[in-house]
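Please consult the sequence and structure shown here.

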Amino acid sequence: MDFPATPSNASDSNDYPGATPSQFDTAQDSTKRRSSSRSIKRRRFDDELVEYSLGLPGASIGKNEKRVRTQSYTSQLPEAVVVGTTPVTPAAPTQERRRASSKISGAGSIGRKSRRKGQLSQLSTKDLGRWKPTDDLALILGVQQTNDLRIVHRGVKFSCRFTVGELQSRWYALLYNAEVSRVALAAMRNLHPDLVAAVQQQALYSNAEEELLGTLPSNSHPAIEKFQELLEANPHIFYPTRTAKSLMNHWQLLKQYQLLPDQTVQPLPVKGQTDNIMTFSDAEETMNDSELPDYKEDGIDIEMQLADRVEKKDIRLLENCMSRWQVLVQSVAGGSAELDKNTLAVLRGRLVRYLMRSREIAVGRSTRDHTIDVDLSLEGPAAKVSRKQATIRLRNSGDFFMSSEGKRPIFVDGRPVLQGNKVKLNHNTVIEIAGLRFVFLINQDLINAITQEAVKVTIPV
């Protein structure tokens with residue numbers, strides 16, 4: 001069965017067999033392409049740009065408002081197609097596209113302006129982090145005092161090693177860049193008063209200030225009251241934070257570096273003319289010792305008296321300890337016989353030998369508040385030796401015993417003796433205490449005589 005052709009069927013993409021061709025079909029046959037007047041579901045690039053422009057600031061959409069999507073139409077028809085007697089023109093889609101493009105261009109210009117403003121603000125604040133508020137304050141004070149950026153570069157100590165060009169660019173930014181100066185002034189206002197005072201105390205001296213200091217002659221020795229009078233007489237020239245002490249120190253520096261007006265700098269000698277060169281001895285002869293001031297430091301006499309008292313106390317302590325010493329310390333190189341008739345035993349080291357002349361001696365390290373019979377610090381480094389390391393006793397049987405009383409063990413012939421233990425000492429016994437080695441030598445003749453006398457006393461005749 002044949003269906004009559006209608007304009008709606010003619011615009012569809014599927015044609016039924018037997019349908020009569022319309023004027024639209026004849027126009028499409030000339031271009032060999034079919035098209036539809038319906039809206040395209042797939043988003044086009046223009047639609048995405050239009051929707052993006054709707055989201056710009058100032059073009060927000062309310063809750064109850066709907067987004068309007070511009071519909072694009074594709075048509076290959078000529079500019080005017082006559083259907084019956086009514087002309088059809090595709091002017092509406094073209095106008096919509098022009099409006100959309102104008103909106104996009106307007107939105108793009110707004111976005112570019114906002115981006116440019118952001119970039120300018122970033123450029124203006126990019127270098128603020130390197131310059132600290134104290135640096136800006138020091139730069140401003142230095143320029144106000146000297147009017148020379150090179151002198152400021154040499155005389156002011158900044159937080160970073162800025163060059164002269166960086167100082168110049170920063171100074172111009174503080175003068176002519178409103179945003180930079182606003183941020184810098186706000187940061188300087190927030191500085192602590194102590195930091196501001198520290199920067200102001202290090203302010204450079206102006207030429208007028210140095211000229212006033214130059215009125216004092218270099219061969220004089222002005223007191224601090226003279227600088228105070230100078231400061232009070234010229235308050236409009238000196239910086240407000242100047243003190244008499246700071247003026248005196250600066251005047252002494254000027255005098256030291258021969259910068260005072262009355263100081264004449266001796267010219268350098270010409271090559272071949274060495275007769276006019278003043279030697280050190282000639283300069284010393286020209287000096288008059290009576291003109292040199294005798295400076296006395298505060299408290300030096302008190303310190304000398306205290307040191308004298310401490311030395312006298314140490315001497316008195318040594319004199320009192322001499323009577324209680326029971327061991328005679330002799331040098332290995334000095335002395336005659338190693339064992340005499342009054343020495344029971346000898347503890348011989350590499351540098352020093354200790355003579356045992358009593359039946360009991362204490363071995364250790366002497367301190368200011370503690371004295372010991374055998375001071376091992378005379379032999380070598382005894383920092384690890386206890387103040388009372390061991391005790392050596394002579395028994396009535398004629399045997400020597402050593403008891404360990406220090407924290408660290410004592411090695412006797414290579415065997416350790418812990419704290420609280422005793423060991424018998426024989427002739428030529430090697431004793432090691434904290435890395436110090438000694439040889440224990442016994443005067444056997446004297447020991448035999450003592451034991452025989454002890455036997456005679458105990459056994460009645």
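This is a predicted model: local features need pLDDT of at least 70, side-chain atom pairs count only at pLDDT 80 or more; totals for chains, interfaces and linings use all residues.

On the α7 side, the contact is formed by R170, A173, L174 and Y176; α8 contributes A178, V180, S181 and A184. Classified by residue type, this contact of α7 with α8 comprises six nonpolar residues, one polar residue and one charged residue.

## Positive phi at Q258

Most residues other than glycine have a negative phi. Q258, although not a glycine, has a positive phi of about 55°. This residue is located in the loop that runs between α12 (244-256) and α13 (280-286).

Is Q258 buried, partly exposed or exposed? With a relative accessible area of 41%, Q258 is partly exposed, because that class covers values between the 20% limit for buried and the 50% limit for exposed.

## Positive phi at A434

A434 is likewise a residue other than glycine with a positive phi, here near 50°. The loop between β13 (429-433) and β14 (436-442) holds A434.

The relative accessible area of A434 is 40%, and this residue is therefore partly exposed.

Notes. Residues are numbered from 1 along each chain as its sequence is written. Side-chain values use heavy atoms; hydrogens and water are left out. Contact means heavy atoms within 4.5 Å. Helices (H or I, at least four residues) and strands (E, at least two) are DSSP runs, numbered from the N terminus. Ala, Val, Leu, Ile, Met, Phe, Trp, Tyr, Cys and Pro count as nonpolar, Asp, Glu, Lys and Arg as charged, and the others, Gly among them, as polar. Buried means under 20% relative accessible area, exposed over 50%, partly exposed in between (1.4 Å probe, protein chains only).
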